[in-house]
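Please read this briefing alongside the sequence and the structure shown below.

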Amino acid sequence: MSQSAKLNCGDVELEVPVIEGTEDEKALDISQLRRETGLITLDEGYVNTGSTRSSITFLNGEKGILRYRGYAIEDLARNCDFVEVCYLLIYGDLPSHEQLDEFRSAIHSHTMLHEDMRMFYNGFPRDAHPMAMLSSVVSAMSTFYQDALDPADPEHVEICIHRLIAKLPTIAAYSYKKSIGQPFIYPENDLTYCENFLRMMFAVPCEPYEIDPDFVTALNMLLIVHADHEQNCSTSTVRMVGSSNANLFASIAAGVCALWGPLHGGANEAVVNMLTQIMDDDGDVEKYVAMAKDKENGFRLMGFGHRVYKNFDPRATIIKAACDRLLEKMNIDDPLFHIAQQLEEVALRDEYFVSRRLYPNVDFYSGVIYRAIGIPVPMFTVLFAMGRLPGWIAHWKEMHSSENKRICRPRQVYTGENIRDFIPLSDR
Ligand code: ACO
């Protein structure tokens, strides 16, 4: 029996339907509220607002659960290839051998960039941030593929998906090569997704390049754990932009921009910068914990806290264990890893962090792995974007296939001036 709640607003009593999800999450459907009562809801930062129904990713912040299409993140990270997870997120099920082969070969046929697209990189300053280059080049894809941009045409959407997944590593690697003045390395389609990316990043034409299988394993795992996280800031941006029927490239470019911010995906870069700052400051961890607690000080412990996870972030647990394994195997004694561990220990004992339920998030240890692989700090968030791409695509597709799809257009409570008499410029 479907439930409802009663809302009394002045003289009006409204029966509000309660929508129930498959994991017992309940929501009040307030879509008729304004029509019936004249009221809207106000929830700054959308802390308590469900923007959609979705069947892609389930997470429970209290219990530290994260599942893609019903599969536990721990199982996927341990057993899958990133391309397999892309398929799972976008099409809803794990692929059969045949489906996966077909999907891989569709992606392989699109890994190269149009030669004219390479010219964009000549126009960017050498020190341009790679996230700026990434969003610009992704947005520019809609100028090269104008014949297949219709969000309502399944064939157009399909080829856009293949092009995006195939080209993102190439676009990303080119932005790094540009920043260090090395020649661009063309993709090699015999390699796996992660092998190909590492080769495009680190190979040079004058020397052989050997791909380290441990780097491939670590990168594959990192891409998988970043692949989706339901209605986060960048995914909501992709859905919001896509809701106007903007094409997929335009919507994804907007998602890249949203991810860039240090309170979201940009936190992985900010974490390593913070750890380096602490190391240069004689490793004085306590001082930075005190600064983070001081409300007069704008400083926050980057990589700590999450809007949804209030016990632990299951992705952080997977990444920390992988970090341990990789550093040990490579015999690396990274001082930043020690500082990160100390910071975690101090913060987890501290009443401020405990009472606010602030724990290390996905970004806290990922940077240490990226460093071990040799990825430069400004590229960290670009790797996050490569990982998050299938999630963005899956949500964009889901939104378009929903029978409830409408342009996203929140309301507001106006708090400005009431009507004023206009004063001509000469009298002001
Ligand atoms: N360091 C110090 N204090 C913090 C931190 C932090 N990292 N995070 C939250 N707090 C405090 C706030 O000051 C606030 O304290 P108060 O109640 O005394 O005012 C309380 O904890 C609640 O914080 P909010 O900012 O209200 O939490 P919100 O859910 O809005 O923000 C966020 C979540 C943005 C992740 C926040 O914890 C933060 O800024 N963390 C650091 C940046 C970061 O690591 N971002 C990556 C998140 S994961 C991702 O997007 C991929």
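The structure holds 18 aromatic pairs. The model is predicted.

**The pair Phe 82 and Tyr 193**

- Phe 82 and Tyr 193 make a tilted aromatic pair, with 5.4 Å from centre to centre and 45° between the planes.
- Phe 82 belongs to helix H3 (residues 82-91) and Tyr 193 to helix H9 (residues 193-202), so this pair ties together parts that lie 111 residues apart in sequence.
- Phe 82 is buried, at a relative accessible area of 1%, and Tyr 193 also counts as buried, at 10% relative accessibility.

- A cluster linked by ring pairs consists of Phe 304, Phe 337, Tyr 352, Phe 353, Phe 364 and Tyr 365.
- Over the ring of Tyr 352 sits the charged end of Arg 356, 3.9 Å from the ring centre.

**The sheet**

- Three strands form an open sheet in the order S1-S2-S3, and their pairing is antiparallel.
- Strands S1 (4-9) and S3 (26-28) are at the edges with a single partner strand each, so one side of each has no neighbour in the sheet.
- From one strand to the next, the twist averages 30°.
- Strand S2 (residues 12-20) is joined to S3 by three bridges.
- Val 18 has Leu 28 in S3 as its bridge partner.

Notes:
Residues are numbered from 1 along each chain as its sequence is written. This is a predicted model: local features need pLDDT of at least 70, side-chain atom pairs count only at pLDDT 80 or more; totals for chains, interfaces and linings use all residues. Side-chain values use heavy atoms; hydrogens and water are left out. Two strands pair if DSSP finds at least two bridges between them. Helices (H or I, at least four residues) and strands (E, at least two) are DSSP runs, numbered from the N terminus. Axes are lines fitted to C-alpha atoms, for helices over the stretch in contact, and angles run from 0 to 180 degrees between N-to-C directions. Rings of Phe, Tyr and Trp (its six-membered ring) pair if their centres lie within 6.5 Å; planes under 30 degrees apart count as stacked, over 60 as edge-to-face and the rest as tilted. Buried means under 20% relative accessible area, exposed over 50%, partly exposed in between (1.4 Å probe, protein chains only). A charge sits over a ring if NZ of Lys or CZ of Arg is within 6 Å of the ring centre and within 35 degrees of the ring normal.
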